[in-house]
Amino acid sequence: MTRRFSHAQDASGRLHSQSMQTLTELNDQFGIPHVLVFAEGKGGLLCAQITTEACTATLYLQGSHLVHWQPAGQKPVLFLSDRSNYAPGKAIRGGVPVIFPWFGARTGARTDGPMHGFARTQLWQVAFAAVSGKDLHLTLTLGPTDESRGLGYDHFRVAYELILGSTLTLRISVVNLDPEEQAGTPMHFEEALHSYLAVGEPEHLRIYGLGQTEFLDKADGFKRKKQTEDVLTLHEQTDRPYLNTTATVTVEDPDLGRRLVVAKQGSKTTVVWNPWSELAAKMSDFPAEGWRGMTCIETANVAENGVTLKPKEAHTMEAKISVEPFSGSATERTQ
């Protein structure tokens, strides 16, 4: 699919970001009666409130952060901490944070900058909204800011497309807009759609799709290991970027009676994360028992799977989350 990435330049040819969109402008240009309304959310942050025949959802423009998605007739699919920060420049805990242009702490020639990059705390621009069938199609964009330039990212554009319906499709595209196509600088980045899935007891989950796959065990000094079992079960703090995998991951949840299926394209990393009790107790924006109701299955390109783009090149990564019924019991996991 061919995509056009619009951008603006100053007299020196440097990209610059657009001005902040007001609430009136957003509703006048992109609002859809009874479907898409822009409003002030928690902390006065602007958000999009979505109601379709197929789902309800809420997205904050800061970070282009989806905090709620609930297909009709289903329980909410995303976990959101009730201790989240809602303030300019503060990351929200839960939902689907957009991680770019590095994952975790920045490493390499430069080590400055916030955890998980700057995209999840920047204000994104709404670029497109339309209803197709029962689904809402929504696109937001992010370009250079004073913060990103200070961190060495001056020539890029990110487009984030969401298709919200009975399934959830999240598609992030990044382009290197260095104006010097022949002698320009390649852009290297990591990315993740850090989806917090709402689940029953984590110890009852059965996670399929990662058997015989190597991972970095961040809970054990980043040691490189291999999951030899076909089914992953959780019993302790888990923080694993699984490398060189394009597989669909299925989370079987007997407590909530459903399977959550995370399919992906353009991604070679899947991250599984649950902080468990000890780490959860140390997180100020996370309830002490919150780990019992969530597990992250993240669509990503990190570590050796990071992406390098030459000038004018683009890359797209997609995650698709769907819900299936499941009538099994927790006892089946040991049989």
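Begin by selecting His194 and Glu298, the residues that the unreviewed UniProt entry lists under "active site"; UniProt positions are given here in the numbering used for this structure, feature names are shortened, and such annotations may be inferred rather than shown by experiment. The two residues span 105 residues in sequence, yet no two of their C-alpha atoms are more than 4.7 Å apart, so they gather at one spot. Both His194 and Glu298 belong to the lining of the largest pocket, where a pocket is an open set of points on a 1 Å grid over the protein atoms alone, at which a 1.4 Å probe fits, with protein on both sides within 12 Å along at least five of seven lines, and lining residues have an atom within 4 Å of a point.

Before going further, keep in mind that this is a predicted model, in which local features need pLDDT of at least 70, side-chain atom pairs count only at pLDDT 80 or more, and totals for chains, interfaces and linings use all residues. Residues are numbered from 1 along each chain as its sequence is written, and side-chain values use heavy atoms, with hydrogens and water left out.

**The two listed residues**

Centre the view on histidine 194, which sits in the loop between β13 (191–193) and β14 (196–198); strands are DSSP runs of E with at least two residues, helices are runs of H or I with at least four, and both are numbered from the N terminus. With a relative accessible area of 7%, histidine 194 is buried, a word that means under 20% relative accessible area, while exposed means over 50% and partly exposed lies in between (1.4 Å probe, protein chains only). Leaving aside neighbours within four places in sequence, histidine 194 is in contact with Gly95, Val96, Pro97, Ile99, His116, Trp273, Cys296 and Glu298, where contact means heavy atoms within 4.5 Å.

Now move to glutamate 298, which is found in strand β23 (residues 294–301) and, at 1% relative accessibility, also counts as buried.

Next, select β3, β4, β5 and β6, which form an open sheet in the order β3-β4-β5-β6 with antiparallel pairing; two strands pair if DSSP finds at least two bridges between them. Strands of a sheet pair through backbone hydrogen bonds, either parallel or antiparallel. At the edges stand β3 (36–40) and β6 (65–71), each with a single partner strand, so one side of each is left without a neighbour in the sheet. From one strand to the next, the twist averages 15 degrees.

Colour β4 (residues 46–51) and β5 (residues 55–60), which are joined by 5 bridges and form a hairpin with 3 residues between them. Across this pair, glutamine 49 has threonine 58 of β5 as its bridge partner, and isoleucine 50 stands opposite alanine 57. Of the 6 residues of β5, 5 are buried, so this strand is largely enclosed by the rest of the structure.

On the way to β6, 6 bridges join β5 to that antiparallel strand, and cysteine 55 is partnered by proline 71. In the hairpin of β5 and β6, which has 4 residues between the strands, look for glycine 63, where phi is positive and near 80 degrees.

Among the contacts of leucine 164 beyond four places in sequence are Ile50, Cys55, Ala57, Leu66 and Trp69.

Finally, trace the open sheet of 9 strands, ordered β8-β9-β10-β11-β25-β21-β20-β15-β18 with antiparallel pairing. Within this sheet, β21 (residues 258–265) and β25 (residues 314–325) pair over 8 bridges, and valine 262 has isoleucine 321 of β25 as its bridge partner.

Notes. Axes fitted to C-alpha atoms, helices over the stretch in contact; angles between N-to-C directions.
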